Amino acid sequence: MKLKLFKQPSAILGSAFLMATSAIGPGFLTQTTVFTQQLLASFGFVIIVSTILDIGVQLNIWRILSMSGLQAQVLCNKILPGLGLFLSILIIFGGLAFNIGNIAGCGLGLNVLTGFDIKYGAIISCLIALFIFLLRDALIFLDSFTKVLGLLMILLTMYVAISSQPPLLTALQDSFFPKKMNTIAIITLVGGTVGGYISFAGAHRLIDAGLTKSNNLNQVNISAISGIVITGIMRTVLFLATLGVIVKGIPLDALNPPASVFKIAAGNLGYKFFGIVMWSAAITSVVGAAYTSISFIRTVHPFIEKNQKYFISIFIIFSTLFFIVLGKPIKLLIAAGAINGIILPIALTLILIGAHHKKLMGNYKHPTWLIVLGWLIVAFLFLLAFITIKEYLIKF
């Protein structure tokens, strides 16, 4: 059964929110809190650097794919047969890593709201995600679903940030003149925002909606940048909320750092708000990761295209079973961002190569400044990936 597509006007904002809510998952909340603990106000600098990198990555990927009218794996296969399969394997692996963490986040969120065991909460959320994709107009519903929950997350976190009374002047100063630096934090944030499947979520959605001609270029730009802006606002608000708690000398719960931020800043109400934010972030990321990961294999055979709902369901169920067996939600959430940060420069390299193929791009000419920026980001991310593998993933 083929999923119904977005209409064009809805797709512009819907793609931005799909990308943003895919990025604003439980890993996003955990990474932001943990790194704020480590870097304090200097984490603002990491947010600025990662946001610049995010915009460069996303504009390149969304423009190249949308103007070619080809999904990423199809574009890569036309460059060199087999490249699309290689990219698909990477994206699905990264999407699975994210989705296991997303399912863990669902469990954490429902544990806060209801007191259910984390694993039972994961199973309930798995069933809800499966139900969403069984709906006749699944993607149209997903459009509204991600918009409502995305706005809800930002508003609730903003309330907690105000309650925590962060040192705004210190945060502003250290954001431009940091006292501490952490390369792992940068690649983890970039990986958690536009790494792996996340950037492709919105780009593939625009292609599905038919926004592939040069006269739609402005809409593509707006949608791409809007997605990054939404994630940047959420990241900044959560950073300030966490900073406000930490500077008071109050220790955070190592088992669930973001939950303790909400509870310390706004009491039991804040703690319940965290449950809503965590579950909302996680469930939107579950459906986004599953949909986009399977979009990378649906072009392999008509059978997959025809039955993609069932393949999406299998992906969600497998992620849930993997989490139930493995456990360790906090470590999973941190590692997922790092893994996808390492996959990102490989994926961006392949897409940038596609921009040089005139037969694939038609009359569209990708701007030189974006190509140069894209290759600089690739080099920078490969360097950070090497450092991350050396200093972090081996230890994990």
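**View 1. Helix H6, residues 118-134, in the predicted model.** Helix H6 contains 17 residues and spans 25 Å between its first and last C-alpha, close to the 24 Å expected at 1.5 Å a residue. The expected span is 1.5 Å times one less than the number of residues; helices (H or I, at least four residues) and strands (E, at least two) are DSSP runs numbered from the N terminus. This is a predicted model, in which local features need pLDDT of at least 70 and side-chain atom pairs count only at pLDDT 80 or more, while totals for chains, interfaces and linings use all residues. Residues are numbered from 1 along each chain as its sequence is written, and side-chain values use heavy atoms, with hydrogens and water left out.

View 2. The buried residues in H6 are Gly121, Ala122, Ser125, Cys126, Ala129, Leu130, Ile132 and Phe133. Buried denotes under 20% relative accessible area, exposed over 50%, and partly exposed in between (1.4 Å probe, protein chains only). An α-helix has 3.6 residues a turn, so residues three or four places apart point the same way.

**View 3. Gly267 in helix H12.** Gly267 lies in H12, which covers residues 257-295. Gly267 is partly exposed, its relative accessible area being 30%. Its C-alpha is separated by 9.6 Å from that of Val160, 107 residues apart along the chain.

**View 4. The chain as context.** The chain holds 17 helices and zero strands. Of its 396 residues, 62% count as buried.
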